[in-house]
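Okay, thanks for coming, everyone. Let's have a look at today's structure together, starting from the inside.

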Amino acid sequence: MVGAGAESDGAGERMTGRGAVTGGPIAFDGTAPVGTAQLRWASRASTIDGIERELARIWAQPKLTAEVDGVEVRNIAARTSVMNLVVIAQQAEDGEHGASIIGQLTGRHPSRTLILSAADPDGPGWLDARITAQCILPRADAPETCAETIYITAGGETGRHLDAIVEPLLIHDLPVTVWWPGEARLESQQVRDVLASADRLVVDGSSWGGDGLARLRELARLASTTRTAVSDFALARQSRWREAIASTFDMPEFLPYLRSLRRVAVTYGTRDESGLPGRTNLVKPLYHVAWLASRLGLEVVKPLAAVIGAVAAPRRGVKPTPGRGYAATLRQGTMNIAVVIRPVLSSTPAGTTLRVELLCERRGSELRVDVTAQAESVGVRAWQDGVEILDRRFNAARRTEADLLAEAIEAGGHDQVADDAVRMAALIVAAA
């Protein structure tokens with residue numbers, strides 16, 4: 001549906017199977033603040049050919065200047081796509097959420113964006129597409145730059161072959177990033193067909209249902225068996241934790257302890273009082289362990305398993321316990337390292353890391369490192385043989401999804417540290 005101020009012509013009218021829809025250019029709003037994305041085109045189509053025609057119409061408009069004080073002075077239709085971004089939206093809200101995040105990157109990473117969702121899998125084949133162009137004026141005397149977004153809902157047989165929709169609509173010779181917000185069904189052939197043309201897959205493992213471990217194993221398998229690079233928001237968010245831990249052992253007096261790690265404990269928040277395993281996402285707490293293990297070259301002796309034990313029934317006035325958590329055993333040389341991932345009832349989003357504790361023992365001396373994080377900072381404390389020797393805080397704010405998506409887009413190729421952490425995470429949960 002075209003908003004107020006829209007112009008249209010006969011060529012902009014298409015039958016979608018749900019009535020005729022008109023569409024076309026939308027007038028430039030000269031009062032909008034500089035740097036604000038504006039919707040400059042909106043139309044509809046019901047076939048791939050129709051979508052391609054609408055895309056061609058966007059850039060074939062003869063009037064490419066804006067009138068300022070009666071003088072035409074500015075080019076307002078410079079397409080600046082630097083990549084293809086494909087969003088797999090299983091739910092309508094996933095598509096809306098993805099579009100809002102991408103809209104924040106219009107001036108920073110303009111792309112041809114396809115937002116795909118399937119519907120009514122058992123019905124007849126159909127396709128309904130909304131084609132838009134968002135433009136942004138970076139400064140008052142600069143050309144307006146634009147990028148296209150195509151919202152596609154496909155039903156029946158059409159929706160079961162998303163790769164056949166994606167492939168002809170890509171701008172060839174530009175990189176392809178597939179972003180899958182929400183539950184990523186990485187085991188399906190449909191997904192693998194879409195990823196066949198992708199350079200990068202972006203997911204958020206912390207949003208997966210249950211404990212998320214089965215999907216994490218699929219992610220590791222995909223990273224190991226295809227050319228597609230993988231970016232997980234759940235892992236990327238933890239960079240400030242990793243930097244805080246690494247900076248501690250950059251200190252010469254602490255570095256020798258790094259080869260004498262004996263215990264890693266990660267505390268995470270849960271809202272589940274039952275104590276039953278599998279109900280809270282473990283991806284983020286697990287990634288802390290996996291990153292350490294991959295950087296230190298540790299081996300998995302015993303994969304992660306729920307700690308079995310009776311959970312006392314809550315008594316009046318006594319806070320219920322959420323269970324005993326999970327345990328694993330790693331090895332460094334000839335020495336075993338205990339891993340504990342334990343839940344604590346918390347109002348934070350389920351699966352949020354609350355604390356990372358490291359215990360090192362070297363030549364009769366003990367070093368304990370305790371890392372916590374808040375919205376805008378990360379804190380590190382350390383005790384050597386029971387005496388506090390370090391207490392410092394780093395300014396490091398939580399990054400937004402727009403920041404994380406921009407980072408994934410800018411990554412360009414495989415991130416070996418991330419790949420190693422994902423593979424190690426899968427090894428740690430191999431029997432979970």
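So, the largest nonpolar core here has 91 residues, and keep in mind that we're looking at a predicted model. Inside that core, I51 and L219 are the residues with the most contacts. Which helix gives the most to this core? That's helix 9, residues 283–296, which puts in 9 residues.

Let's stay with L219 for a moment. Leaving out residues up to four places away in sequence, L219 touches L186, L201, V203, W208, V230, D232, Y287 and V422.

Hold on to W179, please, while we turn to aromatic rings. How many aromatic pairs does a search of the whole structure find? The answer is 1. The partners are W179 and F233, and their ring centres are 6.1 Å apart with the planes at 50°, so we call the pair tilted. Now, W179 is in strand 12, residues 176–179, while F233 is in helix 7, residues 233–236, so this pair ties together parts that lie 54 residues apart in sequence.

Last stop: charges over rings. R130 lies over the face of Y151, 4.2 Å from the ring centre. And over at W383, the charged end of R368 sits above the ring, at 4.2 Å from its centre.

That's my tour, happy to discuss!

Conventions: Residues numbered from 1 in each chain as written. Predicted model: local features only at pLDDT ≥ 70, side-chain atom pairs only at ≥ 80, totals over all residues. Heavy atoms only, no water. Core = buried A, V, L, I, M, F, W, Y, C linked by side-chain atoms within 4.5 Å. Buried < 20%, exposed > 50% of the residue type's maximum accessible area, 1.4 Å probe, protein only. Helix = DSSP H or I, 4+ residues; strand = E, 2+ residues; numbered from the N terminus. Contact = heavy atoms within 4.5 Å. Phe/Tyr/Trp six-rings, centres within 6.5 Å; stacked < 30°, edge-to-face > 60°. Lys NZ or Arg CZ within 6 Å of the ring centre and 35° of its normal.
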